[in-house]
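Let's take a walk through this structure, one piece at a time. Keep the 3D view open as you read.

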Amino acid sequence: MKAALHHFLRQFGLNDEEAQAVTAQATPLELPTRHILIHQGQTAEHFYFLAEGVCHACYLTEEGRAFSKEFYWEQETIIGFEALTTHGHSPFLLETLTTSRILALPIRLLTQWRTQRHPVYTALLERQLTFKENKERFMLMYSPEERYRLFANNFAQLDVQITDKQLASYLGITATSLSRIKARQDEEKGLKK
């Protein structure tokens, strides 16, 4: 698990010695499905490298509704940049959706990189910004049906690991609308055979 983090850090410009020093600070976690890593409103003490599994970040309302923010899968970092930059609490809940192997890294390391304007911090931030830009374009430029089709084509492995309710929320539609979209696509597939 630490070898995967080491390789990831090397891709972001750390030399072997720097990557080893960071990896040495990582705490391995083997977590069950639906384990909460951070509650909404809690102060983050760690950021994470997801070695194996799928995680989900969502916003919770006082009425008990959940809005999917993001899904994270293997070989990805999970960083709450908003809380980091505002010195605030996590605006979202973060949980595992599958059995997951995760490396927890101290948030002070990320804070140190930010203060030093370290290239790895910039690279992680730019990566997150790219993801956000892609999601914004995804939500604005495509119809709900197109969004579902793109998601299903690009993230087929996630489609079987998340609930329709979570997926619908991520796509910005209701679970009923998602069900109708899936039914129409199943009909189309049946006609094409």
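This is a predicted model: local features need pLDDT of at least 70, side-chain atom pairs count only at pLDDT 80 or more; totals for chains, interfaces and linings use all residues.

**Starting with a sheet**

Four strands make up an open sheet in the order β1-β8-β3-β6, with antiparallel pairing. At its edges sit β1 (27-31) and β6 (76-78), each pairing on one side only. From one strand to the next, the twist averages 30°. A few words on the terms: strands (E, at least two residues) and helices (H or I, at least four) are DSSP runs, numbered from the N terminus, and two strands pair if DSSP finds at least two bridges between them.

Residues are numbered from 1 along each chain as its sequence is written, and side-chain values use heavy atoms, with hydrogens and water left out.

Now look at strand β3 (residues 46-52), which runs antiparallel to β6 and is joined to it by three bridges. Across that pairing, Tyr48 stands opposite Ile78 in β6.

Next comes strand β4 (residues 54-60). Is it enclosed or open? Five of its seven residues are buried, so β4 is largely enclosed by the rest of the structure. Here buried means under 20% relative accessible area, exposed means over 50%, and partly exposed is in between (1.4 Å probe, protein chains only).

Which strands pair with β4? One is strand β5 (residues 66-73), antiparallel to β4 over seven bridges, and there Cys55 faces Tyr72 in β5. The hairpin of β4 and β5 has five residues between the strands, and in it Gly64 takes a positive phi near 90°. Another is strand β7 (residues 93-96), also antiparallel to β4, over four bridges; His56 stands opposite Glu95 in β7.

Finally, turn to helix α5 (residues 119-141), where you'll find Met141. Met141 counts as exposed because its relative accessibility is 59%.

How values were computed
Axes are lines fitted to C-alpha atoms, for helices over the stretch in contact, and angles run from 0 to 180 degrees between N-to-C directions.
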